[in-house]
Amino acid sequence: MRFALPDAAWELVLDDEVLEMLRSRVQTGRCNAESVGQLYAPSLSTGEVTMRVATLLRPKYAHRTRVVIDKSLAEEERAIMFERGMHCAGVWHTHPESHPSPSYDDHKLAEDYAQAAAAAGLAGVVFIIVGTATFPAGLYVGVHDGNMMHRASILES
C-alpha cells in the first residue's frame, strides 16, 4: 500500500508483512484492548520509505479505548532493531472505531516521537491508527513533524 504526503518529496509504502501485522491486531470485539507497536524501515533517506516491520509492544496500560506505551521497552526494541539495520520510523496502534482519527493523546504521542526523531536529524515520524473497517478505509496514516500531523493520502492499495 502506497501513500503520499502533502508537499513531501517522498512516498510511504507499507509492505505486505506490515499490513498483515496491522490486520491481525484489529479490535474485533468489545472486550479487545488496544494494541501498540513501532514501525521500522531499512532506509529513511530515499524517495520511497518502505515500512518493512511492524512490531507489537507490551503496553504499560491497555483498555478498549486507550493504550499507554511503555517507553523503556520501546527504547530497548529500537536499539535491537537498529543493530539489525532497521530504523524506527514511527508508531502504530489500534482504535475500536471503523474510521479512526487521532485523539489528543495520539497527537501528544506522535509529537513526542517526532521531537525525539528531530534530535536524530529526522523530519518527522509515521503515525498509523488501525480501525475496524477494511483497509485502506480502516487506516489513518499520517506523519507528525514535531509541530503538527499531516495526513497521508492513499495512492495505491
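Two strands count as paired if DSSP finds at least two bridges between them. Helices (H or I, at least four residues) and strands (E, at least two) are DSSP runs, numbered from the N terminus. The model is predicted, so local features need pLDDT of at least 70 and side-chain atom pairs count only at pLDDT 80 or more, while totals for chains, interfaces and linings use all residues. Residues are numbered from 1 along each chain as its sequence is written, and side-chain values use heavy atoms, with hydrogens and water left out.

- An open sheet is formed by six strands in the order 5-3-8-9-10-11, with mixed pairing.
- Strand 5 (53-54) and strand 11 (149-151) are the edge strands, each pairing on one side only.

**Strand 8 and its partners**
- Strand 8 (residues 87-94) runs parallel to strand 9 (residues 125-130), and five bridges join them.
- In this pair, V91 stands opposite F127, and T94 stands opposite V130.
- Strand 3 runs antiparallel to strand 8 and is joined to it by six bridges; here Y40 stands opposite C88.
- Seven of the eight residues of strand 8 are buried, where buried means under 20% relative accessible area (1.4 Å probe, protein chains only).

**Helix 3**
- Helix 3 (residues 104-119) lies across strand 3 (36-41), strand 8, strand 9, strand 10 (139-144) and strand 11; contact means heavy atoms within 4.5 Å.
- The helix runs at about 155° to strand 9, with axes fitted to C-alpha atoms, for helices over the stretch in contact, and angles from 0 to 180 degrees between N-to-C directions.
- Together, strand 8, helix 3 and strand 9 make a right-handed β-α-β unit: with the strands pointing away from the viewer, the path from the first strand over the helix to the second runs clockwise.

Methods:
Buried < 20%, exposed > 50% of the residue type's maximum accessible area, 1.4 Å probe, protein only.
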